[in-house]
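Please keep the structure in view while reading.

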Amino acid sequence: MDTNNNNEENQIKKIENFALQLKKHILEMAVSAGADSAHFGGALSITDIVSTLFAYQMKIDKKNPKWEERDRFILSKGHACLAYYAALCEVGYISNNELKTFEKNETNLLGHPVINRNLGIDFSNGSLGMGLSLGIGVAISAKKKKKDFKVYVIVGDGECNEGSIWEGAMAAPNFKLDNLYVIIDKNNFQQTGSNKEIMNVENLKDKWSSFGWHTTELDGHNIRDLCDFFKESNKITKPKAIIANTIKGKGFSFSENNNDWHHAVLTKSLYETAMSEVIKKKPYGN
C-alpha cells in the first residue's frame, strides 16, 4: 500500500467535502438575504479555490483568527464574499446562525467584507482593483518584519480591466515578493456582460508572465491541480499568479454560465432545487 498516495487521496476528499459544505452555506445565506439579493455567480466560481486555500494551503489557527503567524487572505473581488463567509464558518470563526444574518440590519456580514478580525475578516474589500495593492503592502510588511506568512489575493478577470491591477502586477516582482500569490478567477464574465464584449483582456497568462510573475493556468475547479500547484510553489522565488479557468455559478443547473446570477434573488423554490443538487453530489474522488 502506498501511504503517500492514500494520504493525498484523503486530503483531496477532505477539500471536496469542504467545498460541498461551502455550497450549502452559500445557498443558505443567499435565500436568507431574500429581496436584498446576493452576488451568487461569482461566489460559486471561486468556491473550489477558497476551499483549497482554507482546507489545505493556508496556515491558520482554527481557535484563534488573530494568530500573528497566520497566512493572510484578501478577497479583492469582495462581492464574492458568500464563499469567504462560508469558509470562515467552516473553519469555526463564524457560526451557522450568524451566516443567516447576511445582509440584515446590524449584521457583521455585509455584501462586501468589512474588517472584523474576531471573525477572521482581515481586510475590508470591494472597490475593485484595490485588493492586489493591499496584498503587496501586506507582503512587504511580512518581509520587513521577517515573518514567514504568505498572502493570497483573489481577483476577478473582469477586475483586470482596472489599471491599478497592472500597476500592482508591475510592482510585486520589483519588490521580489515570493510570499505573494494572486489567483485570477477567470469566469469570463463581469457584472453587465461577457469580458469579450466589454473589455477583452486577451491572454492573461502571457500578460502576467510579461510583468515577471511565475504564472500558471489551470482548471479552477480541479482541486487536485490546485493542490499540486501549491505543493510545488514553495520552490518558486517569484510572486505567483494562477489563471484559474472557472465557471460562473458553478454547481447548479440554473446558474452555471448564466450571468443573470451575478447578483440576483434566490427564491425558496430555486433554493430547494439547488440544495437537492448538492445532496446528490458526491466528492469528486468517490
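## Ring pairs and a cluster

Rings of Phe, Tyr and Trp (its six-membered ring) pair if their centres lie within 6.5 Å, and planes under 30 degrees apart count as stacked, over 60 as edge-to-face and the rest as tilted. Ring pairs of this kind link Phe-54, Phe-73, Tyr-84, Tyr-85 and Phe-102 into a cluster, and the structure holds 17 aromatic pairs.

This is a predicted model, in which local features need pLDDT of at least 70 and side-chain atom pairs count only at pLDDT 80 or more, while totals for chains, interfaces and linings use all residues. Residues are numbered from 1 along each chain as its sequence is written, and side-chain values use heavy atoms, with hydrogens and water left out.

## A tilted pair and a stacked pair

The ring centres of Tyr-181 and Phe-230 are 5.8 Å apart and their planes stand at 55 degrees, so this pair is tilted. The pair links distant parts of the chain, with Tyr-181 in strand β3 (residues 180–186) and Phe-230 in helix α10 (residues 223–233), 49 residues apart; helices (H or I, at least four residues) and strands (E, at least two) are DSSP runs, numbered from the N terminus.

Tyr-181 is buried, with a relative accessible area of 1%, and Phe-230 is buried at 2%, where buried means under 20% relative accessible area, exposed over 50% and partly exposed in between (1.4 Å probe, protein chains only). Phe-252 and Phe-254 form a stacked pair, 6.1 Å centre to centre with 10 degrees between the planes, and both of these residues are buried.

## Charges over rings

A charge sits over a ring if NZ of Lys or CZ of Arg is within 6 Å of the ring centre and within 35 degrees of the ring normal. The charged end of Arg-72 sits over the ring of Phe-149, 4.0 Å from its centre, and Arg-117 lies over the face of Phe-123, at 5.8 Å from the ring centre.
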